[in-house]
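Keep the model open as you read.

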Amino acid sequence: MFTGLSAFPITPFKQEAIDYKAFKGLVENLASANVDSICAIGSTGLYPYLTRGEKYDVAKLAVDHANGIPVMAGVGALRTYDVLKNVEAVQQAGVNAVLLAPVSYQVLNEEEVYGLYEAVSHEVSVPICVYENPRVTNFTFSDDLYRRIGKLPNIGAIKIPGTPFAKSSSKGISPSGASNSEGARRLASLREIVPAHIAIGVSGDSFGAAGMSEGCDLWLSVIGGIFPRTVMRIIDAAQSGNAVDAQAQSQALSGIWSMFARNGGGLRVVAAAAEILGYCETPSLPAPFLPIDKEEYSELEHIITKLSSS
């Protein structure tokens with residue numbers, strides 16, 4: 001399941017309760033686009049904000065309406081005990097993989113993070129996608145830690161930040177895929193560190209086109225959770241060896257990438273997009289989240305109109 005597009009839909013809320021009807025519509029949109037996998041409760045899906053019962057309900061709804069497409073669910077929590085209970089819940093819901101970040105309030109050290117993955121890897125019966133997101137966890141994986149975690153059972157993929165691909169995405173990619181770029185070198189070093197069966201995925205949507213062009217196995221995408229066909233066209237170009245076209249398509253979305261940067265990530269922007277497209281009501285995020293401002297909302301409506309006509 002760790003290839004192509006892994007689409008990350010939001011978990012929409014209505015009056016401080018999960019809007020399951022709206023979520024079902026989002027999943028059905030992804031299923032109709034035939035995405036490669038769905039991460040039902042990623043960071044965009046608010047996994048740290050949901051109770052264990054809500055995680056089960058959202059995961060089960062995704063599995064039931066994914067039309068056979070593999071489903072992954074986020075299971076991170078502050079305590080390893082709670083992570084293991086979350087794993088149990090989403091596995092009972094029928095997910096095909098779990099997404100695990102080293103969630104913390106007190107910053108964790110390497111031995112603590114290794115211990116987390118070691119504990120989960122021996123209890124889970126589906127693959128684990130290791131999630132590195134220093135912006136929200138304040139933790140960066142060393143190569144030695146990746147090497148150690150890669151030897152554990154049930155590790156299926158690594159979700160890395162897209163920043164090594166920044167130079168390629170900002171200056172364009174050569175038709176050969178910029179094989180000598182920083183991103184390509186980082187990928188090559190990771191391939192030497194972790195076993196061959198572990199997939200390497202890119203995150204950070206503005207870097208997705210470059211990451212896929214330079215050899216990442218999958219793009220774990222926020223925008224793919226609402227515009228799957230747009231992202232799939234970029235991936236198709238990247239994997240067909242047309243890196244320049246893939247980057248051009250990504251550059252056409254620069255207005256959205258800028259919104260992501262101004263709003264601390266994609267969550268608020270993609271929630272607004274789901275509202276504009278009629279999947280859910282406004283506001284669609286729980287407190288204390290606030291919607292994007294009116295000017296950006298109007299700008300996003302304009303971008304969506306252009307996307308819909310393309």
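How many residues line the second largest pocket, and which lie nearest its centre? The model is a predicted one. In it, 14 residues line this pocket. Nearest the centre are Gln249, Ala252, Leu253, Lys306 and Leu307. The volume of the second largest pocket is about 300 Å³.

Where does that lining come from? Three helices, α10 (228-239), α12 and α14 (294-309), each supply at least two residues of the lining of the second largest pocket. The largest share is from α14, with five residues. By class, the lining of the second largest pocket holds six nonpolar, five polar and three charged residues.

Now turn to the largest pocket. Its space comes to about 1,100 Å³. The lining of the largest pocket counts 37 residues. Closest to the centre are Asn133, Arg135, Val136, Gly264 and Gly265. The elements that give two or more residues here are α5 (134-137), α12 (254-262) and α13 (267-276). Of these, α5 gives the most to the lining of the largest pocket, with four residues. The classes in this lining are 18 nonpolar, 14 polar and five charged residues.

Note on methods: Residues are numbered from 1 along each chain as its sequence is written. This is a predicted model: local features need pLDDT of at least 70, side-chain atom pairs count only at pLDDT 80 or more; totals for chains, interfaces and linings use all residues. Side-chain values use heavy atoms; hydrogens and water are left out. On a 1 Å grid over the protein atoms alone, a cavity is a set of points where a 1.4 Å probe fits but cannot get out, and a pocket is an open set with protein on both sides within 12 Å along at least five of seven lines; lining residues have an atom within 4 Å of a point. Grid points are joined across faces, edges and corners, and a volume is the space filled by probe spheres set on the points. Ala, Val, Leu, Ile, Met, Phe, Trp, Tyr, Cys and Pro count as nonpolar, Asp, Glu, Lys and Arg as charged, and the others, Gly among them, as polar.
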